[in-house]
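The following exercises ask the reader to examine a protein chain step by step. Please study the sequence and the structure before reading each solution.

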Amino acid sequence: MFDPDLFDAKEFSQATDQGLDEIEAMVGQPLPATYRAAMLAGTGSSMRQTMAVGDMDVDLAGIIRAAPRHKNDYAMPNVWAVMKNRLPKGWLPFARSSGGDMFCIALTGGRVAMYSPDLAPDEGPMAEADLIPVAKTLPDFAAMLAPFTL
């Protein structure tokens, strides 16, 4: 599913079933199986190099940590506190681009889309139809990752 050589394994020990259960409680829905598996496999914390999906970079500092108690700005509770009222119901951010766009996964079905603050309404959540489709599944998203080049 993911190339482990792209990720810094020592950063991944923080994702546990208990931590993911806490995130599920926080968002009020079960996490997609592919997301849980990726976090438990160690694919949700920091990347060794900046990657891209097409011409959109996936910021190496922007992979959202699955640890619910991590103090980093990109720990899920911190990101969720900001994004829960901006995203359509049933979507969870998991990575960001350097421009501030968020890659999100649908909690039902596992589709991947991009939330762009430039397209968001001034108040309230973005409509699901306004998310930018990226991949049908998280594994499809992972397969699209390539080294980012200028």
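Contact means that heavy atoms lie within 4.5 Å. The structure is a predicted model, in which local features need pLDDT of at least 70, side-chain atom pairs count only at pLDDT 80 or more, and totals for chains, interfaces and linings use all residues. Residues are numbered from 1 along each chain as its sequence is written, and side-chain values use heavy atoms, with hydrogens and water left out.

**Exercise 1. Determine which residues Phe141 touches, and describe the nonpolar cores.**

Step 1. Not counting residues up to four places away in sequence, Phe141 touches Val53, Val58, Phe94, Phe103, Val112, Val134 and Ala135.

Step 2. Two terms are needed next. A residue is buried under 20% relative accessible area, exposed over 50% and partly exposed in between (1.4 Å probe, protein chains only). A nonpolar core is a set of buried Ala, Val, Leu, Ile, Met, Phe, Trp, Tyr and Cys residues joined through side-chain atoms within 4.5 Å.

Step 3. The largest nonpolar core has 26 residues, and Tyr35, Leu92, Phe94 and Phe141 have the most contacts inside it. Another core, of 12 residues, lies apart from it; Val79, Met83, Trp91 and Ala106 are among its members.

**Exercise 2. Find the aromatic pairs and classify each one.**

Step 1. Rings of Phe, Tyr and Trp (its six-membered ring) pair if their centres lie within 6.5 Å; planes under 30 degrees apart count as stacked, over 60 as edge-to-face and the rest as tilted. This rule gives 2 aromatic pairs.

Step 2. The ring centres of Phe94 and Phe141 are 5.2 Å apart and the planes stand at 90°, so this pair is edge-to-face. Helices (H or I, at least four residues) and strands (E, at least two) are DSSP runs, numbered from the N terminus. Phe94 belongs to strand S3 (residues 91–96) and Phe141 to helix H4 (residues 138–144), so the pair links distant parts of the chain, 47 residues apart.

Step 3. Phe94 has 8% relative accessibility and therefore counts as buried. Phe141, at 3%, also counts as buried.

Step 4. The ring centres of Phe103 and Phe141 are 5.3 Å apart with planes at 55°, so this pair is tilted. It too links distant parts of the chain, as Phe103 lies in strand S4 (residues 102–106) and Phe141 in helix H4, 38 residues apart. Phe103 has 0% relative accessibility and therefore counts as buried.

Step 5. Together, Phe94, Phe103 and Phe141 form one aromatic cluster.

**Exercise 3. Which residues of helix H2 (residues 33–40) are buried, and what covers them?**

Step 1. The buried residues of H2 are Tyr35, Arg36, Ala38 and Met39. These residues cover an arc of only 165° around the axis (taken from the directions from the helix axis to the C-beta atoms), which puts them on the same side of H2.

Step 2. The covering elements include H1, helix H3 (76–83), S3, S4 and H4.
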